[in-house]
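Here are a few notes to get you started with this one. Have a look at the picture, then read the points in order.

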Amino acid sequence: MPLKYKLALLTTSLILLLFIGYSLLQYNSVTQWMMDSQKDTLQRTAGEISGYFAEQEEPLNSEGLDESKRFMERFVQNDQLFRLLDSSGQVVLVLSNNLPADWIPVLVADKESITELLHGQDRLLVVRAPIDTAAFKGSMELVTNLENIDAMKNRLRSLMLTFGALGVIVSMAGGYIVARSLLKPLNRMASAMNVIKQTGVSGRIGYRNNGDEISRLSSLFNEMMDELERSFNRQRQFIEDASHEFRTPIAIIEGHLKLLNRWGKNDPAVQEESIAAAIEEIVRLRKLSDQLLDLSEETQYPNQTDSEPIDPERIAIELIRNYRMLYPQFTIEAKLTKGLHINVDGHHLHQLLIILLDNAIRYSAKNHYVKISILDVGEHVQLSVEDKGIGIDKKDIPFVFDRFFRVDKGRGRNEGGSGLGLSIAKRLTEKYGGEIRVESNVGLGTKVTLVFPLL
Ligand SMILES: Nc1ncnc2c1ncn2[C@@H]1O[C@H](COP(=O)(O)OP(=O)(O)OP(=O)(O)O)[C@@H](O)[C@H]1O
Ligand SMILES: [Mg+2]
């Protein structure tokens, strides 16, 4: 069931409940009050008649009876009856105003009473009281027809029913209109979302920013879509870049294999060159696929709390020894502080330093100089790799951590880089709560620093 119907139904039932409760209360108290005042009046009249008899000193004769009849006539109003009975139950006097005497059975009362009596459709209220005075001994009956009260009750009832029904209709319509106008923006949102679903992530919801919940929801949705679009575009860019990176080595391998196929079978020189070139490209491909795996969202790096504290000096020393062997033409200087501990997985620190050392060597130009340092700076450990190579232009520094970014696309390719090293390094460093900084001057050299919290 749509929300607007639910809301309309809810408001209607609430209003109806309230109305029924209030009406019942009002009906009961009004009728009760009318009944009470009716009884009061009747009893008061009976009291006054008793008073009259008490005042008479002589026993009533027929003359006195006539006189008292005139007196009583003032009391007996429309729809009322007065009856005087002597002590043997004989009716002595009847005064009736539009109320037949035979509707009420004659009863001698020995004490005052008030009773209700039904005669057909009519409800009658009867007050009986004994009279024991010097003037008269017997009893009286004072009766009033409750017709008026009952007519009033009926009228009240039908009025309430009419207004109740009217109230239900009005509150239902009102509830529906209010609910619909409240939910209209939600419906607009839903159809906008539907359009977005069909047309793609670039769609947005139009809304008026009036600070209500709906506009907050719309703005949140739009922000979410912005984020989604950004990540969608990043993903697409990543796939484009990755396939582009794969395409070149594959094309080179293909070219060499075709060359081998056509000419190389009998020419050992072609054979050797092509096989060497193909192997080189395959190594590049393997490295690329390893790097992509490192970067992919699925291969999450282990939680930093899992790793044992390590001394970066130990890893640096081992790496320096290897690099000195691999690149004898390089001067690799080391300035290492001993005994510092950081909370980074040994394998990852190794990977990080290799990324930095590879860059320092790859972009060193003619200045074959690399310096590694490990410094204790207060709460942190700084690991830096510095070279005196070609440097990076100031405007390019912010982008070196982007995936596949190379300062000079052509240069990178020839040198064998795919532009993933530093983005991997950044992700890894940040996983461990660290920070990576690049300082560089074109033609003078580059210094890349990793900062980790000291344990
Ligand atoms: N020490 C450096 N000196 C000069 N330029 C550098 C240095 N380190 C990085 N760069 C520049 O930043 C770019 C990005 O470096 P990054 O290590 O991410 O990728 P890469 O070295 O090109 O490829 P990969 O490391 O994935 O093999 C490099 O292409 C290079 O232009
Ligand atoms: Mg690199």
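1. In what order do the five strands of the open sheet come? Keep in mind that this is a predicted model. Reading across, the order is β2-β1-β5-β4-β3, and the pairing is antiparallel.

2. Now for the edges of that sheet. β2 and β3 (113-119) sit there with a single partner strand each, so one side of each has no neighbour in the sheet. Going from one strand to the next, the twist averages 15°.

3. Further in, β1 pairs with β5 (residues 137-145) in the antiparallel sense, and seven bridges join the two.

4. Next, helix α2, which covers residues 62-73 and so counts 12 residues. From first C-alpha to last, α2 reaches 16 Å, close to the 16 Å expected at 1.5 Å a residue.

5. Which residues of α2 are buried? They are G64, L65, S68, F71 and M72. Seen down the axis of α2, these buried residues fall within an arc of 120°, so they line one face of the helix. On the other side of α2 you'll find S62, E63 and R70, which are exposed.

6. And what do the buried residues of α2 pack against? Their partners are α1 (3-55), β1 (80-86) and β2 (91-97). As for how the helix is placed, α2 lies across β1 and β2, and runs at about 30° to β2.

Definitions and conventions
Residues are numbered from 1 along each chain as its sequence is written. Chains are lettered from A and ligands numbered from 1 in the order in which they are written. This is a predicted model: local features need pLDDT of at least 70, side-chain atom pairs count only at pLDDT 80 or more; totals for chains, interfaces and linings use all residues. Side-chain values use heavy atoms; hydrogens and water are left out. Helices (H or I, at least four residues) and strands (E, at least two) are DSSP runs, numbered from the N terminus. The expected span of a helix is 1.5 Å times one less than its number of residues. Buried means under 20% relative accessible area, exposed over 50%, partly exposed in between (1.4 Å probe, protein chains only). The arc is that of the directions from the helix axis to the C-beta atoms. Contact means heavy atoms within 4.5 Å. Two strands pair if DSSP finds at least two bridges between them. Axes are lines fitted to C-alpha atoms, for helices over the stretch in contact, and angles run from 0 to 180 degrees between N-to-C directions.
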